[in-house]
Amino acid sequence: MRVIGLEEHFVTGELAGYGASSATIAQPGKWAEASRRLLDLTGERLSEMDAAGLDVQVLSLNAPGIQAETDPAVAVARATAVNDLLAETIAGHPDRFAGFAALPLQDPQAAAKELERAVTQLGLKGALVNAHTQGRYLDDPALRVVWEYATGLDVPLYLHPANGVDTAHVLSGHPELIGPMWSWGTDTASHVLRLIFGGVFDEFPDAKLLLGHLGEGLPYVLWRLDSRWGFHNHHGIELAREHPSDYLRHNLYITTSGVCDHPPLQCALLALGADHILFGTDYPFEEMGTATEFLRTAPIDEADRAKIAHGNAERLLGL
């Protein structure tokens, strides 16, 4: 069975410094090993893919990527360069790699044009966005042009976590909870809800959003979201589709990246359906072999396994 992974990270020497703030999250030895693997695009990565039975990686620049750059002009130049490098890497191994573009969201018009170039000229399959861009989220009116282009090109945006603008007071004194351990998931789930209540999916009803880590907890609170929306003060916000869950079931696609556990996978299948779940490994932060073994042994229908392993990625990304 063909297996395609959608959350497969890399970095370049020039851009590695943007991840310095994330380095404090991990144990030093773990970060050093992950950093070494991030820099290796086609060597050990390919041999690990072979050993794990992972046929294709959809590569994406590691968090926080270009979005950490404060100078919009520099962000535009570096996004262009890294997307060109990604396209060259894919051209050298077209059966093994595809890619998501990095976007200079500091300049929304330039980001939209770079997405267009990346898809139509470089053959990339969409874009991956690492959380906020200098405090601006994807529901910002200035970024609607990016959604316009993504929808017109019929490609997804993959929303990936990164360090937040600030730290919630409830986490004060507990730095161990900051990052992928906890805060990244809640921040990213909140970002998705901003898109719903900010009207992005009402303005672009066919937009496609990818979310890793089995949906950052969202598939498990659909009933609660709908129930509380019926109770809460709407503060002038009304949803064209009426219920928050309607958007999560329609616009959201999730990957298994970083969650190699069968019970939440089964719950996600019940909540969203097999057509909205895809495979990912979260390489190099999780082991490819662990992820593929998790998929291979999951107690699910074989037709659903095939959709998750490759069918949905082939349909959504044109692979």
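A pocket is an open set of grid points with protein on both sides within 12 Å along at least five of seven lines, and its lining residues have an atom within 4 Å of a point. The model used in these exercises is predicted.

**Exercise 1.** Find the volume of the largest pocket and describe its lining.

Solution. 
- Step 1: volume. The largest pocket has about 1000 Å³.
- Step 2: lining. 33 residues line the largest pocket. Nearest its centre lie Pro-180, Met-181, Trp-184, Asp-282 and Glu-286.
- Step 3: elements. β1 (4–10), α2 (28–39) and α7 (183–197) each give two or more residues to this lining. α2 gives the most, with 5 residues.
- Step 4: classes. The lining holds 14 nonpolar, 11 polar and 8 charged residues.

**Exercise 2.** Treat the second largest pocket likewise.

Solution. 
- Step 1: volume. The second largest pocket has about 360 Å³.
- Step 2: lining. Its 23 lining residues include Gly-164, Val-165, Asp-166, Ser-183 and Asp-187, which lie nearest the centre.

**Exercise 3.** How many cavities of 30 Å³ or more does the structure hold, and which classes of residue line the largest cavity?

Solution. 
- Step 1: count. There are 2 such cavities.
- Step 2: volume. The largest cavity holds about 70 Å³.
- Step 3: elements. β2 (56–61) and β4 (127–130) are the elements giving two or more residues to its lining.
- Step 4: classes. The lining of the largest cavity has 8 nonpolar residues, 4 polar and no charged.

**Exercise 4.** Characterise the second largest cavity.

Solution. 
- Step 1: volume. The second largest cavity has about 30 Å³.
- Step 2: lining. Among its lining residues are Trp-147, Asp-154, Asp-206 and Lys-208.
- Step 3: elements. Helix α6 (residues 144–153) supplies the largest share, 3 residues.
- Step 4: classes. The lining has 6 nonpolar, 1 polar and 3 charged residues.

Note on methods: Residues are numbered from 1 along each chain as its sequence is written. This is a predicted model: local features need pLDDT of at least 70, side-chain atom pairs count only at pLDDT 80 or more; totals for chains, interfaces and linings use all residues. Side-chain values use heavy atoms; hydrogens and water are left out. On a 1 Å grid over the protein atoms alone, a cavity is a set of points where a 1.4 Å probe fits but cannot get out, and a pocket is an open set with protein on both sides within 12 Å along at least five of seven lines; lining residues have an atom within 4 Å of a point. Grid points are joined across faces, edges and corners, and a volume is the space filled by probe spheres set on the points. Helices (H or I, at least four residues) and strands (E, at least two) are DSSP runs, numbered from the N terminus. Ala, Val, Leu, Ile, Met, Phe, Trp, Tyr, Cys and Pro count as nonpolar, Asp, Glu, Lys and Arg as charged, and the others, Gly among them, as polar.
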